[in-house]
Amino acid sequence: MSEKITISTGNVQETLLLPLWGRAMETGKEKPRMIDNKAVEIMDRLDYDFSVITKNLNPVSQLGWVVRSLRIDQVVSQFIKEHPRATIINIGCGLDTVFERVDNGEILFYELDLPDVIELRKIFFEENPRRKMIARSFLERDWYEQIEVHDGLFCIAGGVFCYFEEAQIRDFFIAMADHFGSCDFYFDTLSPLGLKIARKKILKSGGMDAKMPANPWGVKQPKTMEQWDPRIKVISAHPFYQGMKKGVSFSEWLGLNIADLLGMASLAHIRMV
């Protein structure tokens with residue numbers, strides 16, 4: 001039996017367990033929306049009481065992490081179909097398994113996160129010539145030089161940008177455009193109301209003390225990002241749960257529709273041109 005791995009608690013690192021748990025729980029359902037056996041394997045190897053962070057979560061929260069993964073898979077897979085040798089960067093990768101789900105045998109895939117997360121990640125995942133891990137904050141810029149691009153660049157960021165201020169996110173997009181030129185991004189956003197609810201219903205109820213800034217980035221209309229720089233073009237932005245409400249209870253369906261109508265969360269695809 002493999003030795004159990006201890007996870008650090010009480011910081012941002014702990015939040016990476018939530019989407020991992022969400023995908024693993026979905027995999028165990030009778031009719032799962034997605035199957036992520038790697039997530040199940042990692043959960044089994046962690047010395048961590050998941051009930052501490054999940055006992056107060058409702059099914060809608062769990063669905064959210066699954067929806068985000070499904071959307072990322074769809075959009076990235078389409079990009080890879082058009083650019084078979086694309087470069088993909090998973091910003092704030094945590095314990096994500098995107099590479100396992102979308103790899104076509106040709107892409108270059110970079111997984112970027114803080115040093116302690118990458119150290120943990122290397123216990124469960126192995127690098128190879130097409131898959132590399134970078135222990136850096138996405139706000140640093142020295143890691144840009146490590147990225148090879150041959151057939152288009154696509155960056156994904158799931159559950160990352162809400163932990164930073166608007167100016168930090170704006171400067172990041174502009175710096176990426178300055179260095180790489182054309183590149184695509186796909187990420188989730190929260191409105192100010194969505195941020196308030198997420199902090200109360202998910203992070204605090206889960207007993208986490210995630211270090212969020214005083215004014216985290218909240219945006220109701222991702223289209224407004226085009227005002228940051230003329231090179232930013234919003235390709236698509238739609239309500240988070242759009243098209244993903246099938247198979248839920250009536251009360252959950254009602255909650256998801258209210259969230260979408262209020263614009264509490266969105267999934268945005270932007271292109272730097």
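**Entry 1: the nonpolar patch**

I started at isoleucine 258, which counts as partly exposed at 41% relative accessibility (buried is under 20% relative accessible area, exposed over 50%, partly exposed in between, with a 1.4 Å probe and protein chains only). This is a predicted model, so I kept in mind that local features need pLDDT of at least 70 and side-chain atom pairs count only at pLDDT 80 or more, while totals for chains, interfaces and linings use all residues. Residues are numbered from 1 along each chain as its sequence is written, and side-chain values use heavy atoms, with hydrogens and water left out.

Isoleucine 258 has its place in helix H10 (helices are DSSP runs of H or I with at least four residues, strands are runs of E with at least two, numbered from the N terminus). I then looked up its surroundings: Leu193, Ile197, Phe250, Trp253, Leu254, Ile258 and Leu262 make a nonpolar surface patch of about 640 Å². Helix H9 (192-204) and helix H10 (250-261) are the elements that give two or more residues to this patch. H10 gives the most, with four residues. For the patch rule I noted residues with over 30% relative accessible area and no salt bridge, like charges joined within 9 Å and nonpolar side chains (Val, Leu, Ile, Met, Phe, Trp, Tyr) within 5 Å. The areas come from the Shrake-Rupley method with a 1.4 Å probe, and for residues only the protein chains shown count as cover.

**Entry 2: strand E9**

Next I went to E9 (residues 265-272): seven of its eight residues are buried, so the strand is largely enclosed by the rest of the structure. I found E7 (residues 183-190) paired with E9 in the antiparallel sense over eight bridges (strands pair if DSSP finds at least two bridges between them). Phenylalanine 187 has alanine 268 of E9 as its bridge partner. E8 (residues 232-239) also runs antiparallel to E9, joined by seven bridges. There, isoleucine 232 stands opposite methionine 272.

**Entry 3: salt bridges**

My rule is a side-chain nitrogen of Lys or Arg within 4 Å of a carboxyl oxygen of Asp or Glu. Arginine 271 lies in E9 and aspartate 184 in E7, so the pair ties together parts that are 87 residues apart in sequence. Arginine 271 is partly exposed at 29%, and aspartate 184 is buried at 3%.

Glutamate 111 and arginine 131 form another salt bridge (2.9 Å, N to O). Glutamate 111 is in strand E4 (residues 108-113) and arginine 131 in strand E5 (residues 131-135), so this pair ties together parts 20 residues apart in sequence. I have glutamate 111 down as buried at 0% and arginine 131 as buried at 4%. The count comes to 20 salt bridges.

**Entry 4: rings**

How many aromatic pairs does the count come to? I got 22, taking rings of Phe, Tyr and Trp (its six-membered ring) with centres within 6.5 Å; planes under 30 degrees apart are stacked, over 60 edge-to-face, the rest tilted. Tyrosine 48 and phenylalanine 50 have ring centres 5.2 Å apart and planes at 75 degrees, so I logged the pair as edge-to-face. Both tyrosine 48 and phenylalanine 50 are buried.

Last, I looked at phenylalanine 125: arginine 121 lies over its face, 4.1 Å from the ring centre. The charged end of lysine 38 also sits over the ring of phenylalanine 125, 5.2 Å from its centre. For this I required NZ of Lys or CZ of Arg within 6 Å of the ring centre and within 35 degrees of the ring normal.
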